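Thanks for coming. I will go through a few pieces of secondary structure and how they pack. Please have the sequence and the model on screen.

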Amino acid sequence: MHYLTDPFQYQFIQRAIVAAVIIGVLCAALGTFVVLRRMAVVGHALTHSALPGLVIAYLMGASLFAGALIATVLTALGIGFLARDENVYEDTLVGMVPNIMFAFGILLISTTKSFRDLFSMLFGNILGVTDVDLHLIMLISAVSLIVLFLFYKELKLFSVDPNYAKTIGMPVKFMHYGILLFLSFTVVVGIQAVGTVLTNALLVIPVAAARLLTDRLGVMMVLSCIFAVLSAIGGIYLSYYFGSASGASIVMFAALIFAVAWVYKFIYDYKAK
Amino acid sequence: MSRLWRDPAVAVIFVGGGNDNDLLKIYRKTCLTNAIIFNMKFPYCHHRHSTPDPQAPALEIQGLGVSYSSEGKFALRDFDISVPAGSALALVGPNGAGKSTLFKAICGLLPIRAGSIRVFGHPLDACHHRVVYLPQRSEIDWYFPISVLDLVVMGRYVYLGWFNRPGRRDIEIARHALKEMNVLDLAHRQISKLSGGQQQRVLIARALAQNADLLLLDEPLNAVDVTTRQTVAEVLHKIKAQGKTVIVATHYYAQEEGRYDKAVYLKDGQKCII
C-alpha cells in the first residue's frame with residue numbers, strides 16, 4: 001500500500017496529481033467533440049504550433065501560458081482564414097502550418113543553446129507545476145467545462161448533422177471557431193502536462209478507448225475523463241518510481257488503456273458471434 | 001404566507017421556451033393581475049420567429065441564382081416558382097439537375113447570388129422553424145454515438161433555442177413521430193445499427209417532430225425497401241391532409257403521379273417545360 005501513498009508526501013507530487021486530474025478531465029471532455037467532429041488532426045496541428053509561442057515567451061521572460069495561447073489561437077484563426085480560398089485545401093494547411101511553426105520554434109531554440117528547457121517544452125513537465133500554473137489551469141478548465149456544459153445540446157447536433165444545425169439558424173461558423181478557440185485553451189493547458197509533441201495524445205487516446213466501449217455520448221464522455229485521469233496519475237507514478245519522463249509516461253499509460261479496451265472489445269465481439 | 005402566495009402584489013415568472021400562445025395560457029392560469037412573465041427563450045437566429053402569413057404562398061421564388069462557390073458557374077439560374085400553401089409539388093429531373101441545390105438554397109444552406117426567396121411571406125431568417133429539409137441520408141454522421149430517440153428529439157431544438165433542454169413534451173412528440181413512421185421499437189437503438197430504410201424513416205420522423213408547414217424532401221424514396229416506401233407514402237398523404245405544403249424531389253414521378261398537384265421539371269439548373 002505504501003507504494004501508492006509514498007509519493008504523496010512530496011508537495012510537488014500532490015500539485016502534479018491535482019493538475020493531472022484537472023487536465024485529464026478537460027482534455028477528455030473537449031477531446032470527445034474533437035474526435036467526433038473528425039478534428040483530431042487539427043488538435044495535432046495546434047499542439048505543435050504552440051512551440052514558437054513558448055520559446056518567444058521564454059526568451060522575453062514573459063508568461064509561457066500567454067505565449068502558447070497566442071501562438072495556438074493565431075494558428076487556429078490563420079488556418080480558418082487561409083482555408084477560405086478554395087484552391088488551398090484545409091487538410092493541406094493543417095498538415096503544413098504546424099510544421100512551419102514547429103520548425104520556427106526549433107530555430108528559435110537553437111539560438112538559445114538551452115536544451116533542458118527545450119525538453120520540457122516538447123515533452124512536458126507536470127512535476128514542475130507551480131501554484132501559479134495550477135491556478136491558471138483551474139481557471140481555464142472551469143471556464144471551458146462550463147461552456148461545454150451550457151452548449152452541450154448544440155455541440156451534439158452540430159457534430160452529428162451540421163447541415164440541420166444550419167437550417168434551424170444556428171451560427172455554425174461561429175461555433176466551429178468557438179471549438180477551435182477552446183481547443184487552443186485546452187492545448188495550452190495540456191502542454192504543461194505532456195508537452196507540445198504529446199498533448200494531442202491526451203486529447204484523442206482516452207476518447208478513442210471510450211468510443212470502443214460505449215455507444216452513448218454521455219457515458220463516452222465520463223469514461224474518457226476517467227481514462228484520461230487514470231493515465232495522468234498512472235504516468236506520474238511511473239515517472240516517480242522509474243525516473244521516466246512524465247509526459248511520455250502519461251501517454252504510454254493512455255496507450256495501455258486503449259490496448260486493454262481494444263482487446264476487451266475484440267473478445268466481446270468474438271463471443272457475441 | 002399562503003395568502004401572499006395566492007395574491008402577491010407582483011409575481012415574476014420565468015418560462016423556458018414556448019410560443020406566445022403558451023405564454024398567454026400560463027398568464028391566464030396564474031389568475032394574477034400583476035404577473036410579469038419572462039420568456040427565457042433564446043432562438044438560434046437573430047430574428048424572432050414570425051408566425052406564417054395565411055394569405056401568402058408557402059414558397060415564392062423570383063429570379064433565383066445559386067452557385068456553390070462565389071465565382072463558380074450557376075448550379076441554378078433564373079428560377080421562378082410560387083407554391084400555394086397546402087399543395088404537393090414534385091420536383092423532377094436527372095441527377096445534377098439542381099434539385100438538391102434548390103432545396104439547400106431555400107433552407108439557407110447555400111448563399112443566394114441573385115433573386116429572392118420568401119417563405120410564408122417572410123424571409124427565411126424569420127421562418128426557420130416553419131421549414132424543414134430532409135437531406136439525403138449520406139449527409140449525416142451515422143457513427144455518432146447517440147440513440148434514434150436522441151436524433152429525433154433534435155427536431156425540437158429549433159423551438160428550444162440556446163440553453164433550454166428538451167422536456168417531457170418534446171420527447172413525447174418525438175416518440176409520436178417515430179410511431180407514425182413505424183419505428184418506435186428502434187427508439188433506443190444506436191443510429192449506426194439501422195438499415196437504409198430505417199435511417200430514412202428516422203430522418204423523416206425528425207422532420208415530423210419539427211412540425212413544420214413546408215417540407216422539402218430530397219429523394220425520400222431513393223434506395224429504400226417496399227415497406228418504407230409505403231409508410232412514406234401514407235405519411236405524405238397524412239401531412240397533406242393536415243394542410244401542409246410538401247415539395248418532393250423524386251426519380252419515381254411516373255409511378256406516383258396521382259400523389260402530386262403539380263410537377264416541375266428541372267434540367268441543368270433551369271426549369272424546363274415538357
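Which residue stands opposite B:Val66 in strand 6 of chain B? It is B:Ile112. Before going on, please keep in mind that this is a predicted model.

That pair belongs to strand 3 of chain B, residues 59-66, and strand 6 of chain B, which pair in the antiparallel sense over six bridges. The sheet around them is open and has three strands, in the order 4-3-6, with antiparallel pairing. Strand 4, residues 76-83, and strand 6, residues 112-119, are at the edges of this chain B sheet; each has a single partner strand, so one side of each has no neighbour in the sheet. On average, and ignoring direction, neighbouring strands here are turned by 5 degrees against each other.

Staying in chain B, next is helix 3, residues 99-106. Eight of its eight residues are buried, so this helix is largely enclosed by the rest of the structure. Just after helix 3 of chain B comes B:Gly108, with a positive phi of about 90 degrees.

Now chain A, where I have two helix pairs, both involving helix 10.

Take helix 3 of chain A, residues 40-60, against helix 10 of chain A, residues 172-213. The packing angle is about 95 degrees and the axes are 9 Å apart. An angle from 65 to 115 degrees counts as roughly perpendicular, and helix 3 and helix 10 of chain A are therefore roughly perpendicular to each other. On the helix 3 side the contact includes A:Gly43, A:His44, A:Thr47 and A:His48; on the helix 10 side it includes A:Val187, A:Ile191, A:Asn200 and A:Leu203. By class, the contact of these two helices has ten nonpolar, eight polar and no charged residues.

The other pair is helix 10 of chain A with helix 11 of chain A, residues 217-242. Here the angle is about 135 degrees, with the axes 8 Å apart. Helix 10 and helix 11 of chain A are therefore oblique to each other, and helix 10 passes helix 11 in a right-handed crossing. From helix 10, the residues in contact include A:Leu202, A:Pro206, A:Ala210 and A:Arg211; these meet a helix 11 set that includes A:Met220, A:Phe227 and A:Ser231. The contact of helix 10 with helix 11 of chain A divides into twelve nonpolar residues, two polar and one charged.

That is what I have.

Note on methods
Residues are numbered from 1 along each chain as its sequence is written. Chains are lettered from A and ligands numbered from 1 in the order in which they are written. This is a predicted model: local features need pLDDT of at least 70, side-chain atom pairs count only at pLDDT 80 or more; totals for chains, interfaces and linings use all residues. Axes are lines fitted to C-alpha atoms, for helices over the stretch in contact, and angles run from 0 to 180 degrees between N-to-C directions. Helices (H or I, at least four residues) and strands (E, at least two) are DSSP runs, numbered from the N terminus. Angles under 35 degrees count as roughly parallel, over 145 as roughly antiparallel, 65 to 115 as roughly perpendicular and the rest as oblique. Two residues are in contact if their C-beta atoms, placed from the backbone, lie within 7 Å. Ala, Val, Leu, Ile, Met, Phe, Trp, Tyr, Cys and Pro count as nonpolar, Asp, Glu, Lys and Arg as charged, and the others, Gly among them, as polar. A crossing is left-handed if the near helix is turned anticlockwise from the far one by less than a right angle, and right-handed if clockwise. Two strands pair if DSSP finds at least two bridges between them. A residue is buried if 20 or more other C-beta atoms lie within 10 Å of its own, exposed if 12 or fewer, and partly exposed in between; C-beta atoms are placed from the backbone.
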